[in-house]
Structures are given as C-alpha cells and as structure tokens.
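Q: I have a structure open and would like to talk through how its side chains pack, if you can go slowly.

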Amino acid sequence: MHVSGLETSLVVARWLLLAAELQVFGALLCHRLTGAFALWRVLVPGFVALAGIGLVWLVLQAMQIDDPSTPLASLALVVQVAWVGHVALLRAAFWLVSLCVARWSPGWAILPAAVALGLHGAVGHAEASDDPTLQGSMVLHLLAAGAWLGGLLPLRLALKGRAPRRVAERFAHLGTVCVAVIGVTAIVQSAALTGGLPGLVGTQYGQMLLVKLTLFLLLVALAAQNRFVLTPRLDVDATALNRSLGFEAVMALVLLGAAALLSSLPPGAHVQPDWPFPLRPSLDVLQDDDLRAEVSRALLMMAGALALVVAATLHRWLRLAVLPALVLVWLAGPSLALLLVPAEPT
C-alpha cells in the first residue's frame, strides 16, 4: 500500500473506531440515565463495529510503524513490542469485559467501557508529551464526548418511550456538564499543543483545530436549540426534536472526523508556523502612556458593544441596541488598529 494511501486509510479507520467507541459508551450511559430504550439494539452493532474496525486500525497502525508490505508480520511485531500495540490489546480487553458485564448489569458495564475509552489518552500527542495534565485532560475530553455525542442516537430511541420530555431534560443536564468539560479540556490541550496564535493560524494543526472548534460551536448552538426551544414542545411535537438530534449526530460524526485527522498531524508547537496575514498583533504600542490610554478606551467600547449585542439577543425589545453597538465598534476600530504591525518574515 502506498504511504499516502496508508496514512489516509489509517485516519479513516481511527475516525470510525472512535465513533464506534463513543457510541457504545454513550449508549451504556444513556441507558443508565434514562432506561427507556432497547439497549442491545445499539450495543450489538456497536461491539461488532468495535471488533472489526479495531482490528483493521491495528493492522494499519502496524503497517505504518514497521513494514507496509508484510501486514501480518508487522501486526505480530507491534503487538509484542510496541506500546501502541500493548494499549490496543488492553483496550480490547476492557471492551470485552464491558460486553460481558453488560449482559447482566448494563450500569456496571459503564466502568470498563470508560477505562477502554480513556486509554486513548495513553497514545498519541498527549502520551508523547509526558505531561500528566495533558493526558488527564485528554481522558476527560474523551469521556465527556462519549457521554454527549455518543448518547445522541440512543436518546432518539429513548424519546420513543414514556415521559419523553423528562428523558430529554435529564440528558440535557448531562450534556451541559459535558460541554463544559469539553470546553475546558480543549483549552488545556490547545495551550499545550497549538503553539500560540502563530501555530493556530499558520500550521495545518492549528487550522484543523479551528475547523474542529467551529463544528463544536455549531453543535453547542444546536444543542441549545434542542434544550430551550424543542424540548418544551416535545409533548406536542416530537418530530422536530428527533430530526434535530439526527442532524446533530451527523455533525458529531463530522467533528470526530476532524478530530481523527487532527491526531495525525504534528502539533503546531512542534513545527515552524507560516503566518498567513500581512499584519500581526503587537503590544509594543502599550509602552506609550497616551497610546495605552487610547487602546484601553477602545477596548472598553468593544466590551460595551458586546454587552449590547448580548442584551439584544436575550430580549426582543432591546434589538435596536445593535445599532449603538455597531457605532461603538466603528469608533473603536482605528484605535485597536494600533495593536497591529506589518508582518515581516524573519
């Protein structure tokens, strides 16, 4: 297999494997939370996908590490001596334990599933950094993503049972916690791996991270609509929420694809960024007292503009507040431009 083709296949396999793992973990947790759907309708295809895709991923990983021309020999070698092979076997063992336990107690099966999912933090960028904080944040990031994103399709099944509104509200509380955990852990990971603003906009890693962030914010907006607009109408019309959850699940799958691709790229902190803009930010202007005061006033104007926009969003009768917000932005613009200087190659 050609090297570029192997790398592409590995990214796709990693994407599908992560999606299957989140699905199984999310189904177990959603069932524990709601108990309102046929769990094995999700677990059976989920575990089958885990076994098949997991084997394909491990073979591709072994071919990348050792020799693409001898997949079976490379697989045997990686399983015996490579850390990634040891972790893969350990994850498989915990998934198998989770499957066995789920037959008599789905609630207890969450624990080995959480360990198996969290072991992703033992490989990849987090493991290579030797930073316990980064590794811990990766584990929490994965568990929160599994609880929220992996529970979307099981939630659709649960809404077909009794008391759908109560089910949706209970899941919404869990989703709120998960979004907060994902946001905080994403900040920790970005600070350690991105390489600051130059790495964010001037490397493939940073640019893909921006794509992932955009998808995450769209998902949060959609989840907010589900919680505050569609859930209160659930007793009257469940179709809109079911359709929205399906769309949210598709977006989540795209987000996982971006995450799989991101994990295959070298972190922005480890490569030379290529600044793509003619200007770059600089704080040198703040050394001058008069200019520092001018910039401070401009920042206060921007804060006021933001407050007016938030107020206009929350209250219909304040929608006209957007007009003075635009005026404040226009007035602050020239002063904030002092924080930009020409970007000269070095």
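A: What follows is a short chat about the core, the cysteines and the aromatic rings.
A: This is a predicted model, in which local features need pLDDT of at least 70 and side-chain atom pairs count only at pLDDT 80 or more, while totals for chains, interfaces and linings use all residues. Residues are numbered from 1 along each chain as its sequence is written, and side-chain values use heavy atoms, with hydrogens and water left out.

Q: OK, how many residues are in the largest nonpolar core?
A: The largest nonpolar core has 81 residues, and those with the most contacts inside it are Leu28, Trp95 and Trp148. Such a core is a set of buried Ala, Val, Leu, Ile, Met, Phe, Trp, Tyr and Cys residues joined through side-chain atoms within 4.5 Å, where buried means under 20% relative accessible area, exposed over 50%, and partly exposed in between, with a 1.4 Å probe and protein chains only.

Q: And which helix gives the most to this core?
A: That is helix H1 (residues 3-34), with 13 residues; helices (H or I, at least four residues) and strands (E, at least two) are DSSP runs, numbered from the N terminus.

Q: What does leucine 28 touch?
A: Leaving aside residues up to four places away in sequence, leucine 28 touches Leu39, Leu43, Ser98, Ala102, Pro106, Ala109, Ile110 and Ala113, a contact being heavy atoms within 4.5 Å.

Q: Switching topic, how many disulfides are there?
A: The count comes to zero disulfides, taking a disulfide as a pair of cysteine sulfur atoms within 2.5 Å. For cysteine 30, the nearest cysteine sulfur is that of cysteine 178, 11 Å away.

Q: Is cysteine 30 buried or exposed?
A: Cysteine 30 counts as buried, because its relative accessibility is 2%, whereas cysteine 100, at 45%, counts as partly exposed.

Q: Now the rings: how many aromatic pairs are there?
A: There are three aromatic pairs, and one of them joins phenylalanine 47 and tryptophan 95, edge-to-face, at 6.3 Å centre to centre with 75 degrees between the planes. Rings of Phe, Tyr and Trp (its six-membered ring) pair if their centres lie within 6.5 Å, and planes under 30 degrees apart count as stacked, over 60 as edge-to-face and the rest as tilted.

Q: Where in the chain do phenylalanine 47 and tryptophan 95 sit?
A: Phenylalanine 47 is in helix H2 (residues 40-65) and tryptophan 95 in helix H4 (residues 83-102), 48 residues apart, so this pair links distant parts of the chain. Phenylalanine 47 counts as buried at 10% relative accessibility, and tryptophan 95 counts as buried at 6%.
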